[in-house]
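Hi,

Here is the structure I said I would pass on to you. Have a look at it first, and then read on for my notes.

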Amino acid sequence: MAAGADVDIVIAGGGPAGAAAALTLAAHTTHGVLVLESSRYDGVRVGETVSPGIRPLLDYLGVTARFLADAHAPGLGTAAAWGGPVPVARDYLFTGRGDGWHLDRERFDRSLADAVVERGARLRTGARVVSVSGTGPYRIAIAADDAGHDGVEHITARFLIDATGRSASLARALGARREPVDRMIGIVGFHTLDPMHSVERNALIEAVPDGWWYSAPLPNGRIVLAFMTDADIARRERLADPAIWAERLRATDCTAARINGAVFQPELRIRSAASHLLDPVGAPGWVAAGDAACSFDPLAAMGIGHAISSGIHAARAAHNFLQSRGPILDEYIGHVAANFRRYLELRTGYYAVERRWKEKTFWKRRSGKGDE
Ligand SMILES: Cc1cc2nc3c(=O)[nH]c(=O)nc-3n(C[C@H](O)[C@H](O)[C@H](O)COP(=O)(O)OP(=O)(O)OC[C@H]3O[C@@H](n4cnc5c(N)ncnc54)[C@H](O)[C@@H]3O)c2cc1C
């Protein structure tokens, strides 16, 4: 147990990466683990399409039965109007691994968090890590409603896992830097579908001059619609204005056709969807996992799978570090960087297929021809 510290391992962030790390540590080690999660799992969460490839990861974490009981919507694959106006479908059927899913994302994250508690790790919600100091043991400042003095309290930990998502706030407090590749954001809205109107159970991607649209049917008769573009383009074109966003939506071909009859709920959420690699991804005493370590263009639909698998590997690295055994931490850091390089090649390939708006800023930036 934690010699010279309050707890062995603090995990900042209880999203998929943090939960996967906590579940792995709870199942395979005796370390004292505390997950600090700033929310109370009551807000809207974004990012919902997962391929059948997620299943072995859920099996490893021992959460498949609860995942299936949560009744997420089946996902049959992705259709993309990309490089031309007619959508081309890629069904999971031909992977031989079964269907994927469109998640009720709030339920998914909450359910993983419930499993963390059931397996004996400590989870504290409404607790935001605000700063960290030291070199191990680390001193962590937590802002929480239920904290005593000034709403801030301190704890010490021997090892830290940063699973705070794209903000990588813990790693940055320790001196790491995010190396962004682009400035992509998602402007996200939810529609309630007309019960008389059936929607195909696939994700749909549609390229447009200033970016691309993504839509996917969700459980409970809803559909998520996201306009993916760059932050500066969104500002210039005022795309986060619900009226302008809806106008752009109506101007699409396949996406607008698919929501015919839907009830528009105009509250939009803006989320960073920028690709980045953290430098460094870890050091003796701490490691980043999930989006904190590196993040991907949602076009790749890799985020949740990567978050879970990197959470599992970060847990292994933490355990080995505390046992003073082997080079696992370095291997993990090298693996994340290599994975990110492979992803960048994939990303270049994806964007090279769409050539209809090569002179438009969004597409020019992704063709290697630089900015305007
Ligand atoms: C528009 C959009 C669409 C996407 N679509 C998909 C998709 O279809 N498929 C897919 O696989 N991925 C998708 N993604 C990516 C996916 O959502 C992420 O990769 C995934 O959520 C990463 O999980 P994570 O656990 O690393 O981080 P997060 O899910 O961001 O979780 C981080 C957690 O840390 C908490 N936190 C943050 N700061 C602190 C702090 N200081 N102290 C304590 N807690 C903190 C947060 O409340 C949160 O619970 C999409 C992303 C965007 C933006």
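Which residues in α1 and α4 meet each other? On the α1 side they are P16, A19, A22 and L23, and their partners in α4 are R105, F108, D109, L112, A115 and V116. Sorted by class, the residues of this contact come out as 8 nonpolar, no polar and 2 charged.

Before going further, please keep in mind that this is a predicted model. Everything below is computed from that model.

**Helix packing**

A quick reminder: a pair of packed helices is described by the angle between their axes together with the distance between those axes.

Let me stay with the pair from the opening. Helix α1 covers residues 16-28 and helix α4 covers residues 105-118. Their axes come within 9 Å, crossing at roughly 20°. An angle under 35 degrees counts as roughly parallel, and α1 and α4 are therefore roughly parallel to each other. The crossing of α1 past α4 is left-handed.

α1 has another contact, this time with α9. Here the axes of α1 and α9 come within 7 Å, and the crossing angle is roughly 45°. These two helices are therefore oblique to each other, and α1 passes α9 in a right-handed crossing. So what does α1 use to meet α9? The answer is P16, A17, A20, A21, T24 and L25, which meet A307, I308, G311, I312, A315 and H319 in α9. By class, the contact of α1 with α9 has 9 nonpolar residues, 3 polar and no charged.

Now move along to α9 and α10. Helix α9 runs over residues 303-322 and helix α10 over residues 328-353, and they pack at an angle of about 160° with their axes 8 Å apart. That makes α9 roughly antiparallel to α10. α9 passes α10 in a left-handed crossing. From α9 the contact takes in H306, S310, H313, A314, R316, A317, N320 and F321, while α10 brings I328, L329, Y332 and N339. The residues of this contact split into 6 nonpolar, 5 polar and 1 charged.

How many cavities of 30 Å³ or more does a search of the whole structure find? It finds 2. The largest cavity has a volume of about 50 Å³, and its lining consists of L58, V63, R66, F67, D70, H72, F108, S111 and L112. Two elements, α3 (64-69) and α4, each give two or more residues to that lining. α4 gives the most, with 3 residues. In terms of class, the lining has 5 nonpolar, 2 polar and 2 charged residues.

Last, a few spots in the loops. As background, most peptide bonds are trans, and most residues other than glycine have a negative phi.

Which residues does the cis peptide bond with omega near 0° join? That bond runs from G136 to P137, and P137 sits in the loop between β9 (127-133) and β10 (138-144). Another cis peptide bond joins D279 and P280, with omega at about -5°. P280 lies in the loop between β19 (276-279) and β20 (282-283).

Then there is A168. Its phi is near 45°, a positive value in a residue other than glycine. You will find A168 in the loop between β11 (152-162) and α5 (169-173).

That's the lot, so over to you.

Cheers

Technical notes: Residues are numbered from 1 along each chain as its sequence is written. This is a predicted model: local features need pLDDT of at least 70, side-chain atom pairs count only at pLDDT 80 or more; totals for chains, interfaces and linings use all residues. Side-chain values use heavy atoms; hydrogens and water are left out. Axes are lines fitted to C-alpha atoms, for helices over the stretch in contact, and angles run from 0 to 180 degrees between N-to-C directions. Helices (H or I, at least four residues) and strands (E, at least two) are DSSP runs, numbered from the N terminus. Angles under 35 degrees count as roughly parallel, over 145 as roughly antiparallel, 65 to 115 as roughly perpendicular and the rest as oblique. A crossing is left-handed if the near helix is turned anticlockwise from the far one by less than a right angle, and right-handed if clockwise. Contact means heavy atoms within 4.5 Å. Ala, Val, Leu, Ile, Met, Phe, Trp, Tyr, Cys and Pro count as nonpolar, Asp, Glu, Lys and Arg as charged, and the others, Gly among them, as polar. On a 1 Å grid over the protein atoms alone, a cavity is a set of points where a 1.4 Å probe fits but cannot get out, and a pocket is an open set with protein on both sides within 12 Å along at least five of seven lines; lining residues have an atom within 4 Å of a point. Grid points are joined across faces, edges and corners, and a volume is the space filled by probe spheres set on the points.
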